[in-house]
Amino acid sequence: MILILTANVDEQSAEYRQLLAQLAALEGIQTRVHVERGAQQKLTEIYLIGNTKALDAAEMKSLPCVERVVRVSEEYRILGRHKDEQRPTHFDYNGVRFGQDTLNVFAGLCAVDNAEHVEIMMKAVRDNGQKCTRMGAYKPRTSPYAFQGHGKNCLNYVFELAGKYDIKVIAMEITHESHLNEIKEALHQTGNPTGVMLQIGTRNTQNFELLKIVGRQTELPVLLKRGFGITLDESLNAAEYLASEGNRNVVFGLRGMKTNMGDPHRNMVDFAHVPVVKRLTRMPVCIDPSHSVGSRAASPDGILDTMHVTAQGVLAGANMVLVDFHPMPPKALVDGPQAMLLKELPYFLEDVQIAREAYLQRVALRARQES
Ligand code: PEP
Ligand code: MN
């Protein structure tokens, strides 16, 4: 059960102390306080853990400082959707809104190779009216002999260039606690010219110790990719690890599942799960057409498979698109063959817009049918 307190509750007030005292007196119930500080107000929620079935919701609502009571099912306690749910399905980070009602495109380099390519990419992103990009610095690779990413050596110039081109959020994978510290340090050193959305890759979805470390910090939001060989439920629980440690600013990423049933695509595209994740949780949902499809194959209509699956995901309500582009794909150090070309960026964005408008029309149609 979650008690949502009135906004800006004062922890020193007599009412708040009385509330805590009354909760402490409940037998077999533990409490966990979560405070969320927004730009305008401070929101406090108290999680009641234990045998909450015996608690009377109306009685709990009558306690001092309590504005609302939400009964949670066991699943995805914090990030899940529950009965009488009115908690938000969005968050704001560095001036960008990430919600189940918005759409952000993160077109960028799979892996940073050099400053020149980073700059060309960021300029293209800015010139096409976008505020977000992807830039991999730490690359988990199948072969130990493959390029592993420039790591912290590229962070300063990546962040400075992002500032130059007014990029607000960069999605960047980390695989170790030290990477988190290096990113924070580089952001600090360069004067926070941009923001970073930490990416937990599909190979680390169930790296619970990493999830706990990333979840314990709330400065940077997280894109958690679905594990490519585990159930959706297991991946959603992985996201819940982040939230249970304190970070609720989580986007859930679909990137295809490992099975040869999806051949000739690199992974079996799973974007049919976009509405499923939105129904089960309050997380915005990202799709990654590049790592799902893994090639530049096109259908007889001339449209790339990556573009087709992007449209399918957006048409189903996706909230974020993470996609590999490269100024010179043959020269890319990682995933060149699946990258889109810079000249395709305006066309890609227009294609995404067509699908987004169609999705919004579908939502409006459904609303008309209901009324
Ligand atoms: C990536 O986005 O660069 C990546 C490696 O993705 P995934 O973890 O989904 O394979
Ligand atoms: Mn890649």
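Me: Is cysteine 110 buried or exposed?
Reply: Burial is judged by relative accessible area, where buried means under 20%, exposed over 50% and partly exposed in between, with a 1.4 Å probe and protein chains only. In this predicted model, cysteine 110 has a relative accessible area of 4% and is therefore buried, and aspartate 335, at 19%, counts as buried too. Local features here need pLDDT of at least 70, side-chain atom pairs count only at pLDDT 80 or more, and totals for chains, interfaces and linings use all residues; side-chain values use heavy atoms, without hydrogens and water. Residues are numbered from 1 along each chain as its sequence is written, with chains lettered from A and ligands numbered from 1 in the order written.

Me: Which protein donors does the manganese ion (ligand 2) have?
Reply: Donors are N, O and S atoms within 2.8 Å of the metal (3.2 Å for Na, K and Ca), and sites may look incomplete because water is not among the atoms. For the manganese ion they are Cys110 (SG), His291 (NE2) and Asp335 (OD), at 1.9 to 2.3 Å, with the sequence spacing C-x180-H-x43-D.

Me: Which side chain has an N or O atom 2.8 Å from an oxygen atom of ligand 1?
Reply: A polar contact is a pair of N or O atoms within 3.5 Å; within protein, one must be able to donate a hydrogen and the other to accept it, and residues adjacent in sequence count only if both atoms are side-chain atoms. The side chain of glutamine 199 makes the contact at 2.8 Å, while arginine 203 has a side-chain N or O atom 3.0 Å from a ligand 1 oxygen.
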